[in-house]
Amino acid sequence: MAKSLILANGNIFVGLNSHGSVSDFFYPYVGVENHVRGEPHRIGVWQHGRMSWLDSGEWNIEIDLHDGTFIGTMKCFNKNTNLELLFTDVVYNEKNIFLREVEITNHGEHTEDIKIFFHQVFSIYGTQQEDTVYYDPVKNAIIQYEGRRVFFIYGETSDIPFNDYSVGLYGIEGKEGTWKDAEDGMLSKNPIEHGHVDSTFSLSLTIHKNEKKKVYYWITVGETKSEVYELHDYVKYRTPAQLIESTTKFWKAWLTRQDYPECDLTEKRQLELFKKSLFYIRGNIDNRGSIIASGDSDMLQHGRDTYSYMWPRDGAMTVMVLLMVGEYNISKHFFKFCNDVIEPDGYLMHKYKSDRSLGSSWHAFIKDGEPVLPIQEDETALVLVALFEYYQKTKDIEFI
């Protein structure tokens, strides 16, 4: 069930499955409002008159983090087409932007004319109704929105935007989605649809023998159209390559800003896993202090709920680990979160959402006919233990 890769910046959380498809997209809180919820965003290549989706089984896919930074890398090779796709994926650390660079290499003996297709299916606010998706001919972009959630979707190669598109219904009224429309290599250019909807666009490339070409794809997200348009203009002004470089440097600096205590990580592989674990822990932490258990919506296939909640107990244990490696800022936000949600009588409830609302629970308020507190004692006790650990590390008596 676990995602092959997560990327995040404390406001956006993106989960990628084993085929590199976006299958979770949280905004504006890590763990609250999953706008994808397991419906994969497909990527496909049209070549020699046929479509090959990355999840078709034809591609050998390796997906991981770049060493020493919170940047995704995915290598895809199809021996039937002699094409290699190398993805570099980032959630920009400063703004609400998800960005993918795809370097396509032709390892064959002949020049190839190909198309690369990107498919999106959002369920904004976690629902499958009321969304609108349309093509904007001025910005040459796909816009999907509902209420105060707006997604701007765009792709280009050599500064030339995508040249074919369609939007439509997804999974209702007998419609499978625009990704199905793409399987003949052409899209119908339907300009607008509402309900449970999806979108697909494609970029055309001619790649000579042993040549490499790059495609850039990005999603900006915000509360208004003007916000997401400004973010798009920001990417165009800064350039995607610069944003990738800037994000890479930020996370390298975040990782190496301090010396880590002695921990017997003598083997290279152990040290790599240690670094990755810090990034993945950070990815599950909202900038406002919540530390969620998991952002993986695949849980919904096996139960009634997700793990996209903050258990104070689990958060406290995570904080104690972060204190061991000298990370104090995240710890302070966690304690502020707990201070804001604690009950007047001095205890914390079972679990919470990242927006500080009360999470679901299975603890009753009555037992054997008598009222009881619907709590687990360690949800409160371990937070106090962690707070004492924080004080021992920092001596920050004013904060306490």
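Residues are numbered from 1 along each chain as its sequence is written. Because the model is predicted, local features need pLDDT of at least 70 and side-chain atom pairs count only at pLDDT 80 or more, whereas totals for chains, interfaces and linings use all residues; side-chain values use heavy atoms, with hydrogens and water left out.

Aromatic pairs were searched for in the whole structure, and 29 were found. Rings of Phe, Tyr and Trp (its six-membered ring) pair if their centres lie within 6.5 Å; planes under 30 degrees apart count as stacked, over 60 as edge-to-face and the rest as tilted. One of the pairs joins Trp251 and Trp254, with 5.5 Å from centre to centre and 75° between the planes, and is edge-to-face. Trp251 and Trp254 are three residues apart in helix H3 (residues 240-256), so about one helical turn separates them. Helices (H or I, at least four residues) and strands (E, at least two) are DSSP runs, numbered from the N terminus. Trp251 and Trp254 are both buried; buried means under 20% relative accessible area, exposed means over 50%, and partly exposed lies in between (1.4 Å probe, protein chains only). The pair of Tyr309 and Trp311 is also edge-to-face, because the ring centres are 6.2 Å apart and the planes stand at 85°. Tyr309 is buried, as is Trp311. Elsewhere, ring pairs link Phe118, Tyr135, Tyr154, Phe162, Tyr165, Phe201, Tyr217 and Trp218 into a cluster.

Charged side chains were also found over aromatic rings. A charge sits over a ring if NZ of Lys or CZ of Arg is within 6 Å of the ring centre and within 35 degrees of the ring normal. The charged end of Lys351 is placed over the ring of Tyr309, at 4.2 Å from its centre. Arg42 lies over the face of Trp179, and here the distance from the ring centre is 3.9 Å.

Two packed helices are described by the angle between their axes and the distance between the axes. Axes are lines fitted to C-alpha atoms, for helices over the stretch in contact, and angles run from 0 to 180 degrees between N-to-C directions. Angles under 35 degrees count as roughly parallel, over 145 as roughly antiparallel, 65 to 115 as roughly perpendicular and the rest as oblique. Helix H2 (residues 225-238) packs against H3 at an angle of about 90°, and their axes are 6 Å apart. H2 is therefore roughly perpendicular to H3. Tyr234, Val235 and Arg238 of H2 make the contact with Pro240, Gln242, Leu243 and Ser246 of H3, where contact means heavy atoms within 4.5 Å. By class, this contact of H2 with H3 has four nonpolar, two polar and one charged residues. Ala, Val, Leu, Ile, Met, Phe, Trp, Tyr, Cys and Pro count as nonpolar, Asp, Glu, Lys and Arg as charged, and the others, Gly among them, as polar.

H3 also packs with helix H4 (residues 268-283), at an angle of about 110° and with the axes 11 Å apart. H3 is thus roughly perpendicular to H4. Trp251, Trp254 and Leu255 in H3 meet Lys275, Leu278, Phe279 and Arg282 in H4. This contact of H3 with H4 has five nonpolar, no polar and two charged residues.

Most residues other than glycine have a negative phi, and most peptide bonds are trans. The peptide bond from Tyr27 to Pro28 is cis, with omega near 5°, and Pro28 is found in strand S3 (residues 22-29). Asn82 has a positive phi, near 60°, and is found in the loop between strand S8 (72-78) and strand S9 (83-91). With a relative accessible area of 31%, Asn82 is partly exposed. Phi of Asn140 is positive too, near 50°. Asn140 lies in the loop between strand S12 (131-136) and strand S13 (141-146), and is buried at a relative accessible area of 16%.

His232, in helix H2, is buried, with a relative accessible area of 3%. Leaving aside neighbours within four places in sequence, His232 is in contact with Lys139, Phe152, Tyr154, Trp218 and Thr220. Leu384 is found in helix H7 (residues 377-394) and counts as exposed at 55% relative accessibility. The C-alpha atoms of Leu384 and Arg313 are separated by 9.9 Å, while the two residues are 71 residues apart along the chain.
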